[in-house]
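Student: I am new to this structure. Could you walk me through it?

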Amino acid sequence: MSANLRPMSSRKSGPLKGEAHVPGDKSISHRSMILGALSIGETRVTGLLEGEDVLDTAKAMRAFGAQVERLGDGEWVIQGVGVGGFAEPDHVIDCGNAGTGVRLIMGAMATTPITVTFTGDASLRSRPMGRITDPLALFGAESYGRSGGRLPLTLVGASDPVPVVYHTPVPSAQVKSAVLLAGLNAPGKTVVIEKEATRDHTERMLAGFGAEISTELTDEGRVIRLIGQPELTGQTIVVPRDPSSAAFPVVAALLVEGSEVLVPNIGQNPTRNGLFTTLVEMGADIAFENERIEGGEPVADLRVKHGPLKGVNVPSERAASMIDEYPILAVLAATAEGTTVMGGVKELRVKESDRIDAMARGLEANGVSVEEDEDTLIVHGMGKIPGGAMCKTHLDHRIAMSFMCLGMAAENPVSIDDAGAIETSFPDFIPLMERLGASFRKNNR
Ligand code: S3P
């Protein structure tokens, strides 16, 4: 093992009690930085996720000429350069582990005549970028990457961009957002058509910053139209807490006998809440309290109590609305009664790791019976989970946190080879879960 790995283990926990204040939404935090940088005037952000992914995007925005300053905990101010105002960075842009960061930034710069080289960590360098550079080429941008368009990759922004009509070939908010951000500096109307709804934070936030953008539901799917070259104006943004991070304390409370946990202020955007719908179908005791709108996004306080759960069929159409939550759902499914079938999940294979493979191997090692094919993960619930094995995390924060939660309900401790990646999205995960009652331990290398 390399000296940088941080192995940890998680053992059976007593009842979890208390409040879990999870960090700000990662998707909205990235977009706050990027849209703030593309605006005229000041954008003030509170509740920003200060995980490595977003901090890398903040650094990148500075390299493109925006002033980005941290005022206090989660409180940031950005002085933007305006649409088309990005300067050419004088160094390589390293987006670390962040697929969202690099893909949205590529879109945001693709219609400005500058040349930028992007890279990232070993996980990001293995992920497909052709899904972004293909539509950006239609605007007139050129890219030179490794095979499969992978990073490191140099993107030459279009000097005379044209607007684009693009049908997204995969359900991906990152692809949709990259096209919309590129469309900002193209004259005329850029149109994105997506068959299945993916998270719509970019559309909501672009409208909030003053862009002319509309979404129409048609037989083809969602048709999003954006008028290029608007003047975006700096905004005040209150970032809601991340439903994808909330998933960990919520599921942990469902897993561990006798638990009752309150997870306040969680984003309930319908393009993100598929996990909660699924948990309720499994029989979970979750109350959605104080439902309200904050900063243009629906939020609620979640009160979660342990209780018996049953396996379910998660329909493929739900995949986009819970794409990041399948790893932790697979853990819960292992403790439920009956089988849980998760179909339409092949996008999980190109996340920070191949999440179907990572979950299947880790669950099997811990005594859970699992089946998989390219697009499906099936977990056979077994009540008591033997545990006792080490799981590989492949630089993937959600895999690491999922297996730490598995250990909280297993008969024997579950270990992970590296907790380091958790810093990307949920830096406070370990102490927060320990405060609720989790029993975690750093392992000796
Ligand atoms: C994200 C979109 C999703 C998700 C990622 C964040 C975003 O990726 O997995 O964690 O902020 O747009 P895809 O859109 O590629 O599915």
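Student: How many residues of the shell around the ligand are nonpolar, polar and charged?

Tutor: The shell divides into two nonpolar, four polar and five charged residues. Asp, Glu, Lys and Arg count as charged, Ala, Val, Leu, Ile, Met, Phe, Trp, Tyr, Cys and Pro as nonpolar, and the others as polar. The model is predicted: local features need pLDDT of at least 70 and side-chain atom pairs 80 or more, while totals for chains, interfaces and linings use all residues. Residues are numbered from 1 along each chain, and side-chain values use heavy atoms, without hydrogens and water.

Student: What makes a residue part of that shell?

Tutor: One of its heavy atoms must lie within 4 Å of the molecule. Among the residues around the ligand are Lys 26, Arg 31, Ala 173, Asp 324 and Lys 351.

Student: Which elements give two or more residues to the shell?

Tutor: They are α1 (26-37) and α6 (173-183), helices being DSSP runs of H or I with at least four residues. The largest share, three residues, comes from α1.

Student: Where does the ligand lie relative to domain 1 and domain 2?

Tutor: Domain 1 (8-24 + 240-442) and domain 2 (26-238) both give residues to the shell, so the ligand lies between them. Those bounds come from an automatic or database domain assignment.

Student: Which residues does the cis peptide bond join?

Tutor: Leu 151 and Pro 152, with omega about -5°.
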